Every structure is written in C-alpha cells, then in structure tokens.
Amino acid sequence: MSNLEQPIFAKEIISGLRARPKQLSSKWFYDERGDELFREIMAMPEYYLTDCEREIFQKCAPELHALLEGQPFDLIELGAGDGSKTQHLIEHFIAARAEFAYRPIDISAHAIDILGDLITRRWPLLPFLPVQGDYFAALDRIGSGRSGRRRLVLFPGANVGNFSPEDAAVFLQRVGKFMRPGDLLLTGFDLKKSPAKVLAAYNDQTGHTAAFNLNLLARINRELGADFDLKNWQHWETYDPISGAARSFIVAQGRQTVKIADLEETIEFEPFEAIGVEISQKYSRSEIKQLAEDSGFHFVKNFEDEKEWFLDSLWR
Ligand code: AVJ
C-alpha cells in the first residue's frame, strides 16, 4: 500500500466498523498476503471463474483485435491482479503486430510489481504503464492525459460483481465518461447458475475462502495495531438466487471487544454480530444488456465459455 493510501484505509475501516450493520469493502482484501490467498482461490477446482474467462480470452482475442481496425491503442485493465488471463490477449495482439501499450490498474502495489516483472520479462518491448490505486483515482489520472489513442478497457474477472447492481451502473457510467467513440469496454460477468455451484466457489470445504476473508482482520491487526482474535471469527456465505448476490460475512463468535491501538479506538461487537465484507453479484443475460443500457453504452456482443457459466460482454 502506498503511503498516500494508509490514511484512507484507516478512515474507511473505522467508519465501516462504526456503521450499522458493520461493513468493510472487499477491496481491502488485497494486501501481499491477500494476493497470495486469492491466487490459491483461483487455483481451486471449485472456483470455476478463472478457467472460464481464460477460455473466453483465448477465443475472443482475434475478434477484439479486428474491432480496433488496426489503430494503435491503449489496453487498460481495471483490477489487473496477476494478469494471468490477460496474457492470452496480449500474446495474440503481439503476434498480430498490434501497436499498443498495456496500462493495468490495481489497488495492490504488490500485484503491480509482480505483474511488471512478468510482463517486462516476457515482452521487454511492450510499453508497460501501470497505475496503482483504486479505480476512480487511477482512471482520473489516465483520463487527464489525452493521448488520442483508442482504448480497449478490460474489466475482467467478475470484478464488477463486487459492486451492487446499482453501484455497478454508476461506476460503469463513470467509465463511460472517460471513453470516446471507437473505444471498447469488455467486462467479465459471472452468470446465474446452480446455487450449489456458486456457493461451493465461495464456501470451499478446504477453507481457502475463509482464510482469504479473515485475512482482512489480520491485515487490520498488522497495519493498524488492532487485536482481533481470529479464532473468534467465522466466515459465512450466502447466495440468493433471485437477486444473484453471493455475500460474505465475518461473524463474531460471542461478544468481542477489539482495540485498534494506532487509531485509539475500541469497537464492541455483540454476540454473533456480523461484518459484511463482500458481494459477488451474479447476472442473467438480460440483466447484463439492461446494465449496458442503464450505464449509457451500446451492447455489442457476449463471449461465453463452453459451459455457459461466465461471459465477457463487449460494449461501446
Ligand atoms: C476478484 C472479485 C472476482 O468475487 O469472485 C473470490 C473475489 N472472493 N472468492 C469474486 C473472491 C472470494 C472475486 N473477484
């Protein structure tokens, strides 16, 4: 985390723990340890999303490239993470001799460092221009430099699912303001499917997701000097097949008093009080088209995996 971000982290954690119900943003999962735990999640058989999107990226690369009509472009990626899927697109664009720069955006400075090593080692000549920070701040920074080049904006991995549908529309509208005619937006959506499949992906028996979520409390201990006792907290997951919201909670096992030394704060938790820590929204195809319209885009087409569990939706 950059020094600039530390006060934002502290402020958001405190206001989230004071709120009723208590709520923390899942964007804070991704410190160094969180990145590592998320890579373990992506490697689990239950977490189908990564393989689905990898298959889609391999399939849709030529078509995306054709839609850019041979013009130089910036490949901007919101929430790039380890970029393991995007490499399939980059590989294709390079083989097709496209003229482009890769501009990944990520909240995790650590993830960007790793990605930078990987990309510059594999493609030393590809301009690699990362921006560390949260999406809004990073987009503002990129948006102010008017390069005039076309943009292919990727919002992969069901990251959009971490917004409620209402917030997703507001966010995508903002992304739209920063795009120009000829630019493209490709967003990954996890589809509504068998509730058992969804639940298994976010509530694995091996405990990877629980460890990933509880790391948020460990991070607050590490970075803000808090004393959450992790054995008194439990991961809980729900999936509502009507709304399509998978939700993660961290639940207090009995009354808890937590001191946050660096902020001189004490937070009380009643027995079994829960902290909401993540929404992973699932969509139907019609909801995706509606979202495109509500956020001011023109729907172009969907690219789906063979199992039809996930899709990347292309808008302009
Ligand atoms: C990185 C937001 C796509 O919601 O599926 C995985 C994060 N959380 N398991 C998701 C996550 C628990 C993931 N995204």
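Which residue follows H4 with a positive phi? That's Arg97, where phi is near 60°. Keep in mind that this is a predicted model.

## The whole chain

The protein chain is built from 10 helices and 13 strands. Its radius of gyration is 20 Å, close to the 20 Å that the globule rule gives for 316 residues, so the chain is as compact as a globular protein of that length.

Of the 316 residues, 36% count as buried. Now take the contacts between residues at least 6 apart in sequence: 76% of them join residues at least 24 apart.

## Helix H4 and its cover

Helix H4 covers residues 86–95, and its buried residues include Thr86, Leu89, Ile90 and Phe93. If you look down the axis of H4, the buried residues fall within an arc of 95°, so they line one face of the helix.

What lies over them? The cover for the buried residues of H4 includes helix H3 (49–67) along with strands E2 (73–78), E3 (100–106) and E5 (150–155).

## An open sheet

Two of those strands, E2 and E3, turn up again in an open sheet of seven strands, ordered E4-E3-E2-E5-E6-E13-E12, with mixed pairing. Strand E4 (131–132) and strand E12 (299–304) stand at the edges with a single partner strand each, so one side of each has no neighbour in the sheet.

## A hairpin

Strands E7 (residues 233–240) and E8 (residues 245–252) also pair in the antiparallel sense, this time over eight bridges. Look for Tyr239, which stands opposite Ala246 in E8.

The two strands make a hairpin with four residues between them. In the turn you'll find Gly244, which has a positive phi of about 85°.

## Around the ligand

Which residues surround the ligand? They are Ile41, Leu49, Gly157, Ala158, Asn159, Gly161, Asn162, Tyr202, Thr209, Phe212, Glu278 and Ser280. Sorted by type, this shell has five nonpolar residues, six polar ones and one charged.

Helix H9 (208–224) and strand E11 (274–281) each supply at least two residues of the shell.

Methods
Residues are numbered from 1 along each chain as its sequence is written. This is a predicted model: local features need pLDDT of at least 70, side-chain atom pairs count only at pLDDT 80 or more; totals for chains, interfaces and linings use all residues. The radius of gyration is taken over C-alpha atoms; the globule rule is 2.2 Å times the number of residues to the power 0.38. A residue is buried if 20 or more other C-beta atoms lie within 10 Å of its own, exposed if 12 or fewer, and partly exposed in between; C-beta atoms are placed from the backbone. Two residues are in contact if their C-beta atoms, placed from the backbone, lie within 7 Å. A residue is near a molecule or strand if its C-beta atom, placed from the backbone, lies within 6 Å of it. Ala, Val, Leu, Ile, Met, Phe, Trp, Tyr, Cys and Pro count as nonpolar, Asp, Glu, Lys and Arg as charged, and the others, Gly among them, as polar. Two strands pair if DSSP finds at least two bridges between them. The arc is that of the directions from the helix axis to the C-beta atoms.
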